[in-house]
Amino acid sequence: MQTDEDMRKKVEDALHKNAPYGEDFDLDEYGIAPTDVEQAEVLSELSEEDQRTLLNVGFTPSEENRAGSLIMLDNAISHTSLRDKDVVELMSLKDAMKTHEWVKDYVWKLVKPDADKYTAMSYLQEADGYFIRAPQGKKSKMPVQTCLLLGSKQVSQTVHNIVIVEEGAQLDVITGCSTRHGVEKGLHLGISEMYVKKGATLNFTMIHNWAQQIGVRPRTVVHVEEGGTYISNYVTLKPVKSIQTYPTVILEGKGAFARLNSIGVAHPGSELDLGSRVIFDAEDTKAELISRTITTGGKVIARGEMIGNADKAKGHLECHGLVLGKGGMQRAIPILEANVEDIELSHEAAVGRIAREQIEYLMARGLTEEDAVGMIVRGFLDVGIQGIPDELKADIDATIAKIGENAI
């Protein structure tokens, strides 16, 4: 039987191993983000700059139409608020482990602490993060919002989140990740373990808006039981040094369903290694993986993987990429693996530039070339994300307009 001491030794060994792929960050170059951060009791009293940062990742400082709010600044929780404790539970993970003895049964069960140097760092730092639970049968009418904010220079932010949606419950979460003004270089290490129980639904939207020299290494695993549904939307449109994210969804109950949408733009100097994986471990499970990426001069790797281990499972993987600008690179890596006979897995991958005929068609109807390209890009990136504030929509539109302008 493995002891805590044995596990710690394995994790310490993993801390010194190079990453298997992607840019390998030297953890020794970064300090540990502070835990003695200022508390924000009333979000409307935050500086205009901080409020704008929150809005640009889908977090509404007014908390209007939000079931609850949590902000993690560096390595500490700086704000929590909740409208109805009967419908949803929201607190720091460390507080949740003190409040509920059973929470420990969900911690480091889906993500292995020694998976790589980044999970090892988070484990050894005993990372805090958010704990969100929707009790059995409860269905919140408004989303919970969280923000993971890097506020100090040249540090590693270590985060560990747990989300539990109990049987028959429904939960919407909007989480944003960003940096405070003036923080140009740093490292974000985010561990997320999510549990969707029988007949439950989790809609999870993540918006990234980092500074140009930030390294981002999320590690996420989602477990879905019988009849459960997991919907994920991931968005990153602004310049960043390097993002590597590859969430895994395990469909372990009959009739479970997952849909993961990813949209990303790689600007010059950015490297986006985006993807998702679904493991079909029960009959009649279904999944869709949809990826839309654009390079305006950066590097994009769009990964998608489906592993079929159960009969009557169905999955579709779609990777589409646009090359807009010189020096950019798009690479699509679809992987389908069938380990049973009665299964349907398919994929569609395409990369290239916007067809000139599309632009000329729109120009013939009165649009300028810049507006035509912007319209095509907007339609290309539209995967139907709902619940984000108007301010973020305006910021996304401005980003897309700039892409269209530079693509001509």
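Select Glu283 first: this residue sits in the loop between β16 (271–280) and β17 (286–295). Strands here are DSSP runs of E with at least two residues, helices are runs of H or I with at least four residues, and both are numbered from the N terminus. The model is predicted, so local features need pLDDT of at least 70 and side-chain atom pairs count only at pLDDT 80 or more, while totals for chains, interfaces and linings use all residues. Residues are numbered from 1 along each chain as its sequence is written, and side-chain values use heavy atoms, with hydrogens and water left out.

Glu283 has a relative accessibility of 37%, so it counts as partly exposed. Buried means under 20% relative accessible area, exposed means over 50%, and partly exposed lies in between (1.4 Å probe, protein chains only).

Together with Glu283 they form a surface patch of negative charge. A patch takes residues with over 30% relative accessible area and no salt bridge, joining like charges within 9 Å and nonpolar side chains (Val, Leu, Ile, Met, Phe, Trp, Tyr) within 5 Å. Asp and Glu count as negative and Lys and Arg as positive; His and the chain ends are not counted.

Next, show Asp284 with Lys254. The two form a salt bridge, with their closest N and O atoms 4.0 Å apart. Lys254 is in the loop between β14 (248–251) and β15 (257–266) and Asp284 in the loop between β16 and β17, so the pair ties together parts that are 30 residues apart in sequence. A salt bridge is a side-chain nitrogen of Lys or Arg within 4 Å of a carboxyl oxygen of Asp or Glu. Side chains of opposite charge can pair when their charged atoms come close. Both partners are partly exposed: Lys254 at 48% relative accessibility and Asp284 at 26%.

Stay in the loop between β14 and β15 and pick Ala256. Is Ala256 buried or exposed? Ala256 is buried, with a relative accessible area of 1%. From Ala256 to Ala282 the C-alpha distance is 8.0 Å, although the two are 26 residues apart in sequence.

Move to strand β9 (residues 185–196). Of its 12 residues, 11 are buried, so the strand is largely enclosed by the rest of the structure. Which strands pair with β9? One is β7 (residues 155–165), which runs parallel to β9 and is joined to it by 10 bridges. Another is β11 (residues 213–224), also parallel, with 12 bridges. Two strands count as paired if DSSP finds at least two bridges between them.

Select Arg356 and Glu360, whose side chains meet in one of them (3.5 Å, N to O). Both residues lie in helix α5 (residues 356–363), four residues apart, about one turn of the helix. Arg356 is partly exposed at 36% relative accessibility, and Glu360 is partly exposed at 44%.

Glu369 is partly exposed, at 23% relative accessibility.

The last stop is Glu38, Asp50 and Arg180, which are linked in a network of salt bridges.

Note on methods. Areas by Shrake-Rupley, 256 points an atom, 1.4 Å probe, with all protein chains shown as cover. Charge placed at Lys NZ, Arg CZ, Asp CG, Glu CD.
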